[in-house]
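Please keep the sequence and the coordinates in view while reading.

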Amino acid sequence: MIFADVRPRLFGIAYRMLGSVGEAEDLVQDVWLRWQTCDRRAVVNPVAFLATVTTRLAINAAQSARVRRETYIGPWLPEPVDTSADPYLGAERDEALGFAVLLLLERLSPRERAAYVLREAFDYPYWQIAEIIRLSEAAARQLVSRARKHVVAERRAPVTGAEQHRLLRAFVAAARSGDMATLEKLFAADVISYSDGGGAVRASRIPVVGAFRVAKYHRAFANRFWAGVEVEWASLNGQASALLSRDGAVFAVATVNASAQGIDQVLWMMNPAKITTVSAAG
């Protein structure tokens, strides 16, 4: 079945555009319904047709999501997705899948984001990107170039996956024991800690910035937060992440983004609505 074969790609496009597993799945379901009712005899290239419908719907959905996030309680983080089975989520490569890049893409316009995702993750030719987003090929090239420059300018060169995993394990161990000195050594000077509770659970509603402040912040709640917590390791969004559970139920996902300067970002995903899929997987 054509749709089943191409579905991983469609989900990969939608997820990168929206940063939400649930919204991406809903969008792909909408594409399936349209596929069932369209005149397939008029469709010359089904795969291209389905990718085009997905991208255009995702551009519209991203515009609505941007408005909703203006009223989101506390920092908004992408919903983690399990990449252990499909490391690239249907793409040619894992670009625009890691948390650091997804956060940067939130600052782009939906069209810029679509152009970047199609080119950098799925390697679509510029002429096809132009057709999908209804622009000239020259304009599509400009969109991709502008988006790429933004990502490169705003992001430090990341460490290897193995080093990121090592730093994450070291961070979890130091945070659990409240070892402030070790935490400070792990952090870049301008590290930022984000906690996404969505107003549903207790979490810091503003980012914590700076090595000393972030270390002090994690030491302050070490005793009560980590009591009875079990840690499992998972591959989420193509990077090592920690699943934290208590009494057999996952209640938080933690990961770090790091560069040669150390850990640049600490990400705490605690909104229950955002960790249901990884909870099931974990």
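Helix H3 passes helix H5 in a right-handed crossing; a crossing is right-handed if the near helix is turned clockwise from the far one by less than a right angle, and left-handed if anticlockwise. The contact is formed by Thr55, Ile59, Ala62, Gln63 and Arg66 of H3 together with Pro110, Arg111, Ala114 and Leu118 of H5, where contact means heavy atoms within 4.5 Å. By class, these residues are five nonpolar, two polar and two charged; Ala, Val, Leu, Ile, Met, Phe, Trp, Tyr, Cys and Pro count as nonpolar, Asp, Glu, Lys and Arg as charged, and the others, Gly among them, as polar.

The model is predicted: local features need pLDDT of at least 70 and side-chain atom pairs count only at pLDDT 80 or more, whereas totals for chains, interfaces and linings use all residues. Residues are numbered from 1 along each chain as its sequence is written, and side-chain values use heavy atoms, with hydrogens and water left out. Helices (H or I, at least four residues) and strands (E, at least two) are DSSP runs, numbered from the N terminus.

Two packed helices are described by the angle between their axes and the distance between the axes. The axes of H3 (residues 46-69) and H5 (residues 110-121) come within 9 Å and cross at roughly 135°. Axes are lines fitted to C-alpha atoms, for helices over the stretch in contact, and angles run from 0 to 180 degrees between N-to-C directions. H3 and H5 are therefore oblique to each other; angles under 35 degrees count as roughly parallel, over 145 as roughly antiparallel, 65 to 115 as roughly perpendicular and the rest as oblique.

H5 also packs with helix H1 (residues 2-18), at an angle of about 135° and with the axes 10 Å apart. H1 is thus oblique to H5, and passes H5 in a right-handed crossing. Here Ile13, Arg16, Met17 and Leu18 of H1 meet Pro110, Arg113, Ala114, Val117, Leu118 and Ala121 of H5. The residues of this contact divide into eight nonpolar, no polar and two charged.

Attention now turns to helix H8 (residues 161-177). At 1.5 Å a residue, its 17 residues should span 24 Å, and its end C-alpha atoms are 24 Å apart, which agrees; the expected span is 1.5 Å times one less than the number of residues. The buried residues of H8 are Gln164, Leu167, Leu168, Phe171, Val172, Ala174 and Ala175. Buried means under 20% relative accessible area, exposed over 50%, and partly exposed in between (1.4 Å probe, protein chains only). Glutamine 164 counts as buried because its relative accessibility is 7%. Apart from neighbours within four places in sequence, glutamine 164 is in contact with Val159, Gln239, Ala240, Thr255 and Val256. After H8 comes glycine 178, whose phi is positive, near 70°.

Most residues other than glycine have a negative phi. Alanine 96, by contrast, has a positive phi near 65° and lies in the loop between H3 and helix H4 (99-105). With a relative accessible area of 2%, alanine 96 is buried. Aspartate 123 also has a positive phi, near 55°, and lies in the loop between H5 and helix H6 (126-133). At 41% relative accessibility, aspartate 123 counts as partly exposed.
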